[in-house]
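User: Could you take me through one part of this structure slowly, as I am new to this? I would like a close look at a single bond and its surroundings.

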Amino acid sequence: MNLFRKVIASVALTALVASMVTTGVSAAADTDAANKLAAAGIINDHANDPAAYNLGDNVLRQEIAKVAANIADESAKATCSGSFADVSATTPNDWACGYVEALLDAGLISANAKFNPEANISKSEALKMMLEAAGYSDVFDNAATWQAETVAFAVENGVSS
C-alpha cells in the first residue's frame, strides 16, 4: 500500500475513532467514512447494513490492531506464537492474534507482557497505532511522553483536533 493510501486510511480511521468520543457528529458522515474504509479493504464491508459497523460502540484494542495491520499492509500471521500472554490462538481473540503478532514483528507495537486485546482503546493509543501503521514511527522519541507526542503530532498535521 502506498503512503498516500495509508495516510488517507489513517485520517479516515482517526475520524471514526474521534467521532466515538465526541458529540454532535453526523451519523451519515460516520457511515460514509466507514464505507470508504471498507472499500479500501481496511475494515469489513457492511455497506448493505450500516448498523453492522457498530459505530456507536467502543473500539477494542484487537479491532484497531486488525485495522492497523491492514493500513500497514501487514498480513496476519498464519500461526500464533504467543508473544503476548493474553493473545492466543484460542477464543475469544483467536482471529486477532495473527494481526497483533504481525504488528509486533513489524515493530509497529511494543513488546509487553500483555496486549489487553479486549480492552477499550484510548484515542491516543489509536492515533499512535494508526500513525505508526502509516509510516510515522520516527516521530515518537520519548517512551515516557509518547501520548503527548502522538497527540501533538496529530494536531500539528491536521489528523486530530
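Analyst: Happy to! Keep in mind that this is a predicted model. Let's begin with Cys 80, which is partly exposed, with a relative accessible area of 24%. A disulfide is a covalent bond between the sulfur atoms of two cysteines. Cys 97 is buried, because its relative accessible area is 1%, under the 20% limit. A search of the whole structure finds 1 disulfide. The torsion about the S-S bond of Cys 80 and Cys 97 is about 50 degrees, so this disulfide is right-handed. The pair links distant parts of the chain, 17 residues apart: Cys 80 sits in the loop between α3 and α4, while Cys 97 belongs to helix α4.

The axes of α3 (residues 61-71) and α4 (residues 94-105) come within 9 Å and cross at roughly 55 degrees. That angle makes α3 oblique to α4. Their crossing is left-handed. On the α3 side, the contact is made by Gln 62, Glu 63, Ala 65, Lys 66, Ala 68, Ala 69 and Asn 70. From α4 come Trp 95, Ala 96, Tyr 99, Val 100 and Leu 103.

Methods
Residues numbered from 1 in each chain as written. Predicted model: local features only at pLDDT ≥ 70, side-chain atom pairs only at ≥ 80, totals over all residues. Heavy atoms only, no water. Axes fitted to C-alpha atoms, helices over the stretch in contact; angles between N-to-C directions. Helix = DSSP H or I, 4+ residues; strand = E, 2+ residues; numbered from the N terminus. Parallel < 35°, antiparallel > 145°, perpendicular 65-115°, else oblique. Left-handed = near helix turned anticlockwise from the far one by under 90°. Contact = heavy atoms within 4.5 Å. Disulfide = S-S within 2.5 Å. Buried < 20%, exposed > 50% of the residue type's maximum accessible area, 1.4 Å probe, protein only.
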